Amino acid sequence: MNAALDPVTLALVQNRLDHISHQMGWVMTRTARSPIFSQSHDFSCFIADARGVLISQADGIPIHTGGGGFAVRAILRDFAGAIAPEDVFLLNDPYTAGGNHLPDWVIARPVFIAGRLVAFACNRAHQADIGGGAAGTYNSAATEIFHEGIRLPVLKLIEAGRTREDLWRLLLLNTRLPEALDGDLRAMIGSTRIGAERLALLVEELGPERAAEFFEGVLAHADRRFQGCIARLAKGVWRSEEPVDSDCFEPIDARIAVTLTVGEAHLIVDFAGTSDQVRGFKNSSIANSTSAVFMALASFFEPDLPKNEGAFRSVDIRLPEGTLVNARPPAPMTMNTVFVAHEIVHAVWKALGQALPERASAGWSKAVHAVTAGLRSDGNRYVMYQWAGAPAGGGVEGRDGFHLIGHLITLGGLTLPNLETYEHLYPVRFRRQELRCDSAGPGRYRGGSGCDYEVEVFTPADYAFRGEGVGSPSSFGAAGGKAGAGGEVTLTLDDGKIIHASKYGVARYGPATYRALSPGGGGYGDPRTRDPSSVLRDVRDGIVSVEAAARDYGVAIAVDGRSVDEARTAALRAT
Amino acid sequence: MNDVPPQLVAPWRVGIDVGGTFTDMVLRDSAGAVRIFKAPSVPADPSQGVLDVLRLAARELDLPLSALLRNCALLVHGSTVATNTILEKKGAKVGMLTTEGFRDSLEIRRGIRENQWDHRAPFPPVLAPRYLRLPVRGRIAADGSELAPLVSEDVAKAGAIFAAEGVESVAICLFNSFLDGKHERQASEALGKTWAGRWTSLSSDIVPIMGEYERGSTAVVNAYIAPKVTSYLAALDEQLRQLGLPRSLLLLQSNGGAVSVDEVANRPVMLVLSGPAAGVGALKGCAASPDDANFISMEIGGTSCDVMVMAKGDVPVTDQLVIEGYHLATPSVEIHTVGAGGGTIAWVDSAGLLHVGPQGAGAWPGPAAYGLGGENPTVTDAQLVLGRLRPGPLAGGAVTLDHGLARGAIETKLAQPLGLSVEDAAAGVIRLLEQNLLHAVERLSIERGHNPIHFTLVAAGGAGPMHGTAVARALGCKRVLLPRAAGAFCAMGMLQSDVRQDYMQVFIAELDKVDRAAFEAGFAELETKAHAALVRQGFADSGTIQRELDLRYEGQQWSLRVALHANLFDPVAIRRSFEAEHQRLFGHIQPGGRLDITALRVVGCGRLDWSPAASRPPQPKPPAPRQRRPVWIDPRHGWQNVPVYDGGDLRPGCKLAGPLLVEERTTTAFVGPNDHLEIDAADDFLVHLGAVA
């Protein structure tokens, strides 16, 4: 640490930066139009210093962690010497402008004190629609980025306080939902104004020179925190792979490969050996892959690790060009913040788990939900996400996996709907949302079960399938635990015909019953060391069958079904 | 308060608030004289703390306990027994009946976790295990019609299992029961054939909201706490009645209103926020009139700070409450709580950064200065080192503050690792705590769309008056109110709370095309319930009924609540009120956008008129300070020799210039340089903030 920095002021500056990024988030939630922000929190607010280094991202969706600096550095590169007070920048392109994928637009507002650039207040948010081949930004048929929506290089959206109306009209012309885009962009711009005002106050109080020193102090502290994390890992080289078995069109045999080198105070995360980029829209960008690695590291260690780029200063991420983790244009990539981000997190977790087994996290299963769109009885169109049939979390030391939880890349930050609400909103009737039996990955701490979800859809509808978790198990076991069961999606039509849905694709069907068996999460630790009373509880709860209790856990349940047969259990576990 | 004890004028009113450390009692007599008493809480049996503080009061007032109670026209009680039953996981064995196919929503919890990043933290234990959540056939459709009748054989079968398993309390939450509770009522009846327990909690009866998770979770928590809480309250009431209390005690609910023991017996889940919700009544008492009641309050206790915004006398009541990770849809005043209080621990992380909170030292061992074995430095220790608190007995001698122990903890745990002097480290702790408080207030203000400059900050709780001026200054407020009874703020609020019960019914219709007959019938049903409850509580003629609507633009996820002016249905006026609220909260409106009603609400209110505090004789001239001592002011002013006043010496009209300290019975107030202290007409400390320089 810079010896001249007062430790109390440093702590105050750290808290204040985090508070400012939170404030931007609260303003965003309160003023944005699309429910995607208030409901799914699919945005992040962050602050960068004058060099474009991310110094705070206290709020936001985990898969945005640590990616914001690429956007700000692209601004500094493209507008060197031409950044002025009251400018506001906009960008989204993952290939040229530090974007992660096209739907996430970044608004960045430079902060000046006495004519000197001191910081940027920024907001990255998923737009409701940006043109492209499918409404709602996800075009699973895309084979080029040009099919996915409008590409924006670094643009000055507001120049010295004057909005470029021609540009604004261009943006609204390239969306199916101009009102939502207009409102959400204004909310983003408004939130960065609040952030910039608060940042300016902070820098004025400290003076620009001292502020820069304290910002650097905040980064250095995070670096020291993370070096403490690295010190817990066993030194050496750890390798892992995570399969990628679909290119969104057909089965493929591909993988994310990670070689983790743990040094004294340094980590190298090398993706050499990762498969080439694929035809469908799962390819990742540098910003997104870096974010996924940061998210994997931060979630592996400590939840309160500062989410700034200082925390990862001692981490060297190598992303080979032309692969799934760093595609060349014009590969499509809209899906990447979910898949392959999920696979990247899994691969990094697997490597870390070898270097520090007691901290290992078993894999979370992948979503299978389809999106159903059709007409309500009043003739109005509806779009329904079948995400109440959510996937499961994996086990870690001390806790079983969550039975149903939002995507891994949100760390479960997505709130699942009440079925009563959906029955009220859509022409459907639910039959079931129940935990599955024998689907949870066995372990000392077992995975989550996933669910058996069934709903009647009364009217003809388009089904957009995004069932990455359909088929073979999509979680993994850690430290001796096992993977959970795979997922399955079926549609039963009026005539009794049963359709087995593929992972990706769009199809139209008449009235049908949609059923999803969401996949189970992975288990942590040897299942034969699970506390027999926990196994008994799972059997009583109907999550684990009597047979699986004996087979997977070595626990014999007495004939009354209400107690453990201690003698037989001891015998089973002795073998 | 150390004047000649005023002769009390019967009858009087008593508020008793059970806190983690102390049980507070406030008595106000018919002439408006106020007396405050504090006794240690008895966590194992809170009623003991209640009786202890009553006995203490009787002793100090030189009255027999029976006379104290006999002359008590009203006893309002804030009980932590509901909350503690949840905290300590000491509730009943609960079974649950659900519609077939939907028995797991309680355990799925909509996937909501408190801290997204902390994925290693498990969910709190599910209060009704899956093997006791039993499915029954029968289905209500989304339009409220019956798709399939309830299969009572399924209920009987479940009841037999409950009986065999020793289930003590049953929650019933059937799919779509918010539209029609008949299946739940039938199930409750059928259950009696095979299960002999007496406690059933029907979700459609407790909170008929749309959303099976929150409605079911509320019913389950109610079932979990009902046997213990209801028995406890009935026993306490019975005991007080036998000791002379002329009418049943009232309890403070999460909605900020009081209710009789009988009314709440079947729904004790309404009591979860019992203590802090009394802040509503306390704030009302701070205002000359409701229109002037624009307050942001920070109630700072030992471990946490509760922030509340009151605009024009109104604190928003929502359907969302989370307690220990359990979701409740009970009507609850909106309170934002942060881990910042006197007992909050300061610590240095592995990479050398100073933090304050969120962990606290609790009542035991408490701050290092208590000498009860606590080694971690807390905010209280820092105050002691900085001369703001006086060493020696605190809160009437219940604890003693040891200056050496406070210094030692700050020295070893903070000053040495940070390379600072003990005083600078202590000052850092205070600055970080006050930053936390500021951020908490800013958060609630931003989220509710209020500018704090237009509000008076009220800094209450035992530790509040120490931090009020610093936080108010940082917020840009012009003045801050430090209640004289800050350390018994909630007990004071209980004296000033009205009886209130909230009723709601899901009702979905377009505002401009609503079926008036159905609309009126819905309201009439709710009003009948509200009126009957008011009559039972003695408000046959004096109760008021307020109609409210939940409204949203078509397609929105959340509704806003709008009161009907004079209970009249005037769509134009309703739209105008909605738009004003929407503009304030969200920064925009949709002119002419379709408005949908989502619920009808009725608030039944019985006013418990309270006499304002007696005016004390004005101060002829400023009193002399009792002492001067060196006190650390702030980073700019450093240490100064500061006058210390005894609160009892300061009377209405008295004006003093800061810096100064005022020591009161339940708190110590700090007033900064350039600030001016005025004792207002209500005998509280009003501080006019000066410029920073």
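**Chain B and its interface with chain A**

The secondary structure of chain B consists of 17 helices and 36 strands. The model described here is predicted.

The C-alpha atoms of chain B occupy a box of roughly 80 × 55 × 50 Å along the principal axes. The radius of gyration of chain B is 26 Å, which agrees with the value near 26 Å for a compact globule of 693 residues. Of the 693 residues of this chain, 53% are classed as buried. When contacts in chain B between residues at least 6 apart in sequence are considered, 66% of them link residues at least 24 apart.

Contact between the two chains involves 49 residues of chain B and 54 residues of chain A. On the side of chain B that touches chain A, at least two residues each are supplied by α4 (105-108), α8 (212-243), β21 (354-360), α13 (422-448) and α17 (571-586) of chain B. The greatest contribution to this side comes from α13(B), with 8 residues. By residue class, the side of chain B that touches chain A comprises 20 nonpolar, 17 polar and 12 charged residues.

Notes. Residues numbered from 1 in each chain as written. Chains lettered and ligands numbered in written order. Predicted model: local features only at pLDDT ≥ 70, side-chain atom pairs only at ≥ 80, totals over all residues. Helix = DSSP H or I, 4+ residues; strand = E, 2+ residues; numbered from the N terminus. Rg over C-alpha atoms; globule rule 2.2 N^0.38 Å. Buried ≥ 20, exposed ≤ 12 C-beta atoms within 10 Å, placed from the backbone. Contact = placed C-beta atoms within 7 Å. Nonpolar A, V, L, I, M, F, W, Y, C, P; charged D, E, K, R; others polar.
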